[in-house]
Each structure stands twice: as C-alpha cells, then as structure tokens.
Amino acid sequence: LVALEALASGTPVVATAVGAMDSIIRQGESGEIVANGSPLLLAAAIDRFLARRLNGGISAAAIRATVEGFAWSRVASAVAREYAAMVGDIVKGEKC
C-alpha cells in the first residue's frame, strides 16, 4: 500500500523484489525493483531516480497509469467478476 501511496503522490518507488512489487512498479518508468539483500544495488537505484527527478526524466504518465490500474473502482469490479464466476461455477455444480 505504501508503494501505491507514493506513486499516487507522483513519487517513483525504488524497492526490493518482495511481495507484489513487480505487479505495482513499472521497471524504469514508475520506479525500480532491485534484488533483495543488496544494499549497493538499492543505493544505486535511488541515486538514478534522484538524478532523473532533478533532470525531469521521470514519466508522470507512467506513474499515473500505474496508479489508475489500482483504482478502487477497478479493484471492486475485478472482485465482483471473480465472485460472479465462482457463484456461476457453484450453481453449475463445479468446484471453485
């Protein structure tokens, strides 16, 4: 959730490869994912994004597109579709 909050405020995210970061961060556009347990790679990625930010090289459109993909309306619709599919399977006598 913190990564999405950062992106929603226009801040790129540099994180390690844990959890669902790879489904949130667009590598090189809205942030960067580095190998877990490598502080030197993490520091280098932070330096790269700070330099890009100072030079105006961060894609606001990429950050916005990432955040829009996780909008509550989209998440709720996806959950509703999944529930409807499961209920349909139950009605048909199939296992979920």
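Which residues make up the largest nonpolar core? There are ten: Ala3, Leu4, Leu7, Val13, Ala15, Met21, Ile24, Ile25, Ile33 and Ile63. A nonpolar core here is a set of buried Ala, Val, Leu, Ile, Met, Phe, Trp, Tyr and Cys residues joined through side-chain atoms within 4.5 Å. Helix H1 (2-8), strand E1 and helix H2 (21-24) each supply at least two residues of this core. H1 gives the largest share, three residues.

This is a predicted model, in which local features need pLDDT of at least 70 and side-chain atom pairs count only at pLDDT 80 or more, while totals for chains, interfaces and linings use all residues. Residues are numbered from 1 along each chain as its sequence is written, and side-chain values use heavy atoms, with hydrogens and water left out. The pLDDT is the predictor's confidence in each residue, from 0 to 100. It averages 83 over the chain, and 90% of the residues score at least 70. Among the elements, strand E1 (residues 13-16) has the highest mean, 91. Helix H4 (residues 60-69) has the lowest, 78.

Now the layout. The chain has five helices and two strands. Along the sequence they follow the pattern α-β-α-β-α-α-α. These elements are DSSP runs numbered from the N terminus: helices (H or I) of at least four residues, strands (E) of at least two.

Turn to strand E2 (residues 31-34), which holds Glu32. Is Glu32 buried or exposed? Glu32 counts as buried because its relative accessible area is 13%; buried means under 20%, exposed over 50%, partly exposed in between (1.4 Å probe, protein chains only). Beyond residues up to four places away in sequence, Glu32 touches Val13, Val14, Ala15, Ile25, Gln27, Ala45, Arg48 and Phe49. Contact means heavy atoms within 4.5 Å. Ile33, a member of the core, has its own list. Leaving aside neighbours within four places, Ile33 is in contact with Ala15, Thr16, Ala17, Met21, Asp22, Ile25 and Gln27.

Of the 96 residues of the chain, 22% count as buried. The chain exposes about 6500 Å². Carbon and sulfur atoms supply 62% of that area. Accessible areas come from the Shrake-Rupley method with a 1.4 Å probe; for residues, only the protein chains shown count as cover.

One surface feature remains. Val79, Tyr83 and Met86 form a nonpolar patch with about 280 Å² of accessible area together. Such a patch joins nonpolar side chains (Val, Leu, Ile, Met, Phe, Trp, Tyr) within 5 Å, from residues with over 30% relative accessible area and no salt bridge. Val79 sits in helix H5 (residues 72-91). Val79 is partly exposed, because its relative accessible area is 38%.

Technical notes. Patches are made of residues with over 30% relative accessible area and no salt bridge: like charges are joined within 9 Å, nonpolar side chains (Val, Leu, Ile, Met, Phe, Trp, Tyr) within 5 Å. A salt bridge is a side-chain nitrogen of Lys or Arg within 4 Å of a carboxyl oxygen of Asp or Glu.
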